[in-house]
Amino acid sequence: MSDIAWIDAALTAARPKAVGALLRYFRDLDIAEEAFQEACLRALRTWPDKGPPRDPAAWLIFVGRNSGVDQIRKRGRLQALPDEETISDREDAEADIAERLDASNYRDDILRLLFICCHPDLPATQQIALALRIVSGLSVSEIARAFLVSEAAMEQRITRAKAKVARAGVAFETPDVNARAERLATVSTMVYLVFNEGYSQADPAREAAAFADEAIRLGRLLLGLFPGEPEIMGLLALMLLHASRRAARLDTAGQIVLLEEQNRALWDRSQIDEALVLIEKAIRHGHAGSYQLQAAIAALHARAATAAETDWPQIELLYRMLEHLQPSPVVTLNRAVAMSKSQGPEVALDLVETLSDALDGYFYFHGLRGNLLMQVGRKAEARIAFDRAIALARSPAEAAHIRRQLDCLKQDGLPAT
Amino acid sequence: MLYAILCYAHEETVFAWSKEEEAAVMEKLQAVQAPLAASGKLGPVGRLMPTTAATTVRKGKTEPLVIDGPFAETKEALLGFYVVDFETLDEAVAFSRELSAVNPGSSSYEIRPFYVFRPGETRS
């Protein structure tokens with residue numbers, strides 16, 4: 001790794017802390033971002049010669065703060081500051097002073113920075129774009145490529161989103177316990193959105209696929225700030241478990257490989273092991289939450305050496321708990337999958353039929369219903385369900401998966417209509 | 001004498017590496033270890049999971065407390081260790097220098113000689 005690559009990684013790592021602290025100083029996102037940029041440029045100039053500072057984030061905050069103050073002064077908004085406030089980035093000792101002032105604030109600074117991206121008036125995709133720009137520091141062009149829009153369009157979107165955030169005004173005082181918990185829950189949802197935006201990409205070469213890694217990094221960051229929060233452990237574990245299957249999810253033709261047909265040797269053991277540890281830690285707290293339950297379900301798949309060894313009764317139980325905690329037809333649909341494995345297709349089909357109103361526009365509903373109908377031998381109905389699923393498929397891979405099942409139906413001798 | 005070579009690093013930076021950057025560093029570290037391994041002097045080597053995976057049991061007033069997270073909140077975290085059989089401290093320093101040279105994420109290698117060592121029986 002070259003010097004520049006190392007510095008780049010250090011700047012990326014320090015970004016949430018530094019921009020978060022600068023936002024607290026300046027209470028203006030644009031000034032905070034500009035100040036951080038300025039500090040990064042200075043780092044690129046001085047770090048290769050002098051070596052990296054002991055604490056890159058503290059250094060960047062110190063330098064960024066001085067640069068931001070300078071900017072404001074130039075714009076005439078502030079009186080000139082006394083001489084001792086002038087910029088000096090020569091000594092780590094100065095950064096150390098800044099660090100002592102900032103360390104106690106890092107947690108709320110970073111949380112605030114993530115939280116402002118979650119403005120309820122912003123649609124999910126804009127929240128994601130804003131977080132990737134502000135917190136992760138991705139360039140507008142990278143984000144634009146990921147969302148398949150022009151750079152100009154994405155620039156405009158982000159600018160508008162920022163303006164909305166600025167108008168909304170963010171509470172800068174230290175949040176109380178309840179406000180902090182609310183912020184954390186909102187931010188967790190957004191981080192999971194970022195993950196899914198990346199993970200749902202059928203093409204792993206697409207820019208957006210990297211969002212999944214970015215979300216995992218944000219999850220680690222959050223858990224580092226809130227080390228005793230079992231739901232953050234659950235969230236990180238859940239993302240790691242999904243990501244662990246990345247290499248096995250698609251075949252060479254880019255088609256989705258079902259979980260039970262995946263080559264488990266391709267699953268990333270180090271990600272699975274980390275997730276299993278996190279779930280064990282979370283369970284010790286005795287406060288089940290939806291991320292923890294979803295992670296526990298994913299963990300049961302990860303623990304099974306073969307698909308046949310999957311503990312379906314336990315998975316069904318966990319979906320039952322999830323249904324109780326967070327009732328949703330999609331969760332019930334997933335419980336039906338577990339039921340079909342542990343108790344057979346008939347009972348599962350009964351459960352699925354109760355969801356026909358709620359999930360009529362849902363690809364997976366018709367896909368599962370078709371599959372269960374096929375298993376119980378109601379082939380004509382299965383065909384109709386599969387046709388409906390294909391019409392609702394959002395990707396060629398999803399449609400292809402259903403077509404393969406349709407082919408099975410045809411091979412079983414059902415006359416083509 | 002047996003030495004533990006403890007690698008400390010800025011954790012957030014190391015976990016911001018891309019897979020390719022990570023693989024490149026690991027390959028270079030392997031190359032540094034290879035001669036020691038070949039001469040039968042290299043013991044167990046461990047790369048630690050992030051500190052978010054850590055749990056600490058700390059003495060409480062009555063019962064020990066189980067705390068989520070690492071022993072100490074520090075800028076640099078213990079991220080890995082080597083157990084090596086060296087004749088002299090100089091050899092241990094030379095090895096640590098080599099590791100340091102190829103690992104841009106590391107900030108320090110702490111050299112700690114052993115009193116007691118049990119090879120252990122784990123199989124995984």
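Tutor: Residues are numbered from 1 along each chain as its sequence is written, and chains are lettered from A in the order in which they are written. Because the model is predicted, local features need pLDDT of at least 70 and side-chain atom pairs count only at pLDDT 80 or more, while totals for chains, interfaces and linings use all residues.

Student: How many helices and strands does chain A have?

Tutor: Chain A has 20 helices and zero strands. Both kinds of element are DSSP runs numbered from the N terminus: helices are H or I with at least four residues, and strands are E with at least two. Of the 417 residues in chain A, 42% are buried.

Student: What span is expected of helix H9 (residues 177–199) of chain A?

Tutor: The expected span is 1.5 Å times one less than the number of residues. H9 of chain A has 23 residues, for which 33 Å is expected; from its first C-alpha to its last it reaches 32 Å, close to that value.

Student: Which residues of H9(A) are buried, and against what do they pack?

Tutor: Among them are A:Leu184, A:Val187, A:Met190 and A:Phe195. The buried residues of H9(A) pack against helix H5 (106–116), helix H6 (124–134), H10 and helix H11 (230–244) of chain A.

Student: What makes two residues count as being in contact?

Tutor: Their C-beta atoms, placed from the backbone, must lie within 7 Å. Between the chains, the contact takes 19 residues from chain A and 17 residues from chain B. On the side of chain A that touches chain B, the largest share, six residues, comes from H1(A). That side has ten nonpolar, three polar and six charged residues. Here Ala, Val, Leu, Ile, Met, Phe, Trp, Tyr, Cys and Pro count as nonpolar, Asp, Glu, Lys and Arg as charged, and the others, Gly among them, as polar.

Student: Which elements does chain B have, and in what pattern?

Tutor: Chain B has three helices and six strands, and along the sequence they follow the pattern β-α-α-β-β-β-β-α-β. Of its 124 residues, 25% are buried.

Student: Why do strand S2 (42–47) and strand S6 (106–113) of chain B stand at the edges?

Tutor: The open sheet of four strands has the order S2-S5-S1-S6 in chain B, with antiparallel pairing. S2 and S6 of chain B each have a single partner strand, so one side of each is left without a neighbour in the sheet.

Definitions and conventions. A residue is buried if 20 or more other C-beta atoms lie within 10 Å of its own, exposed if 12 or fewer, and partly exposed in between; C-beta atoms are placed from the backbone. Two strands pair if DSSP finds at least two bridges between them.
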